[in-house]
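Hello,

Here is the structure for your files. My notes on it follow below.

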Amino acid sequence: MSLVSVEHVSFNYTRDRRVLDDVSLSIRTGASIGLVGESGSGKTTLLRLLLGLTRPTAGRIRFGEAELDPGNGAFMRDYRRQVQAVFQDPYSSLDPRQNVLGIVGEPLRSLGIPGDRRALVEAALVSVGLEPGILGRYPHEFSGGQRQRIAIARAIVAKPKLLLADEAVSALDLSTRIRIVELLKRLAAEMTLVFVSHDLGVVAALCDEIVILERGRIVEAGATRKILADPQHPYTRTLLDSVPRMPA
Amino acid sequence: MSLLSIENLSLAAADIPLVSRLSFAIAPGERLGLIGESGSGKSLTAMAATGLLPRAITASGSVRLGGQQVIGAADRVLDGLRGTVSAFVFQEPLTALDPLMRVGRQVAEPLRRRTRRDGRDLDGDALMREVHALLEQVALPQPDRIARSYPHEISGGQRQRVAIAMALACRPQLLIADEPTTALDVTTQAEILKLLDGLVRERGMALLFISHDLPVVAEVVDRVVVLKKGIAVEEGPVAEVFGAPKDEYTRSLVAAARAFDAALEGTP
């Protein structure tokens, strides 16, 4: 069943340039989808639309039966509970003046989720591989990889159905990156994941499906294994050929 | 004799060690990769090699560039080495270029300095003709238009090509490139790597290539030094270090890089 469907969505920031052009996409419950594209492909804009931060210029996005409407406060409150995000830069996505309890507990507070906040936050920290004892510490005390784990804990604490990640491992070192990819892969077994990235290697390691965007259009979409083994579109082939590989 | 010879280099900021007793050398025409993650000291090492260290960082040991001691050298001495012996390509071409100066003039500056060094004083049309020739050598289309453009009017890949053209204008014996493709898209990266590789080979330049990205490094260098928290943990030919890494840290990096490769091959 489709959790989110993007139906003929177009988006322009200015009148003369289309950032997204007639994009349609079905995100099935339980899927892990990699949205791959280079700068200017529209991948971040698509993610902003999925987050309800902007409205499509044409077309619509449906969440279950309802239409995603950023102007509908009641709908958006429920949507925020079901859809959470992890961003690229773990140095700017955490409030430096809040401790870990405040940061990870924020969605519980702002969404009015009942229960023992401290216990829920501790459980989220454990599930991302952090010690529950760090509740009183501040972002500057952590490394980039640990900060990204904190950001992921914040995204999953309210038990969303859909996790949206925007270049969530791009700012991390190689050895940290592979561990965060493993963590996301484990989490993706329990929820739906949309992972936006320019890095095909990471997407191949993490996602079952790939959607390739070029200049605002989907040029190819399908099962990861199939696209890697037998890319149809010339742009997909160029992308795949451009990824540097280790010498044999 | 080595073009660049670093011996027992230690760098520190307010008693915090950043690089410890690092030694390596680059012979004319040799291509060396400096690999490390954030905080490994790889960029600081490159800056130390050309005397670009911020004042707050203290250096000890020896850095000889073109036979000349760099540590403690006066700016006048360093000026003589920059461009002649070494030239630098930085990671972010948008900040490396002057936003208020047309691209053609930016390339003309080092070009003019070098031709003066060679005893030819170029100006006017003759200078602009050589600027266009340089822009063509870095495979920029429509060199006329690019030369008239400001940096914000061209793409990231084109800006990096301009930065490379400026470095080439100096005809250095050693090109130092610090993560020159990290800010670029993967298809652009492939083009820039190919360009750099071709230019360095053609001119017999030596190359110091700094990157965290193992497969990228493997494409352009013959030998690598792996840095971890300011300490060289392993050094050797690419095939040896990536094929049979001895150090545990190198092994973990190579394993991570190979895991992403395997995922791309569909054999995780």
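**What I found**

Chain B has 268 residues, for which a compact globule would have a radius of gyration near 18 Å; the chain has 19 Å, which agrees. That radius is taken over C-alpha atoms, and the globule rule is 2.2 Å times the number of residues to the power 0.38. This is a predicted model: local features need pLDDT of at least 70, side-chain atom pairs count only at pLDDT 80 or more, and totals for chains, interfaces and linings use all residues. Residues are numbered from 1 along each chain as its sequence is written, with chains lettered from A and ligands numbered from 1 in the order in which they are written.

The C-alpha trace of chain B spans about 55 × 50 × 35 Å along its principal axes. Chain B holds eleven helices and ten strands (DSSP runs, numbered from the N terminus: helices are H or I, at least four residues; strands are E, at least two).

Now the contact between the chains. Chain B gives 28 residues and chain A gives 23 residues (in contact: C-beta atoms, placed from the backbone, within 7 Å). Helix 11 of chain B supplies the largest share of the chain B side, ten residues.

Last, helix 5 of chain A (residues 144–156). Eleven of its 13 residues are buried (20 or more other C-beta atoms within 10 Å of its own, C-beta atoms placed from the backbone). Among them are Arg147(A), Ile150(A) and Arg154(A). The buried residues of helix 5 pack against strand 6, helix 3, helix 4, strand 7 and helix 6 of chain A.

Best wishes

Note on methods. Two residues are in contact if their C-beta atoms, placed from the backbone, lie within 7 Å. A residue is buried if 20 or more other C-beta atoms lie within 10 Å of its own, exposed if 12 or fewer, and partly exposed in between; C-beta atoms are placed from the backbone.
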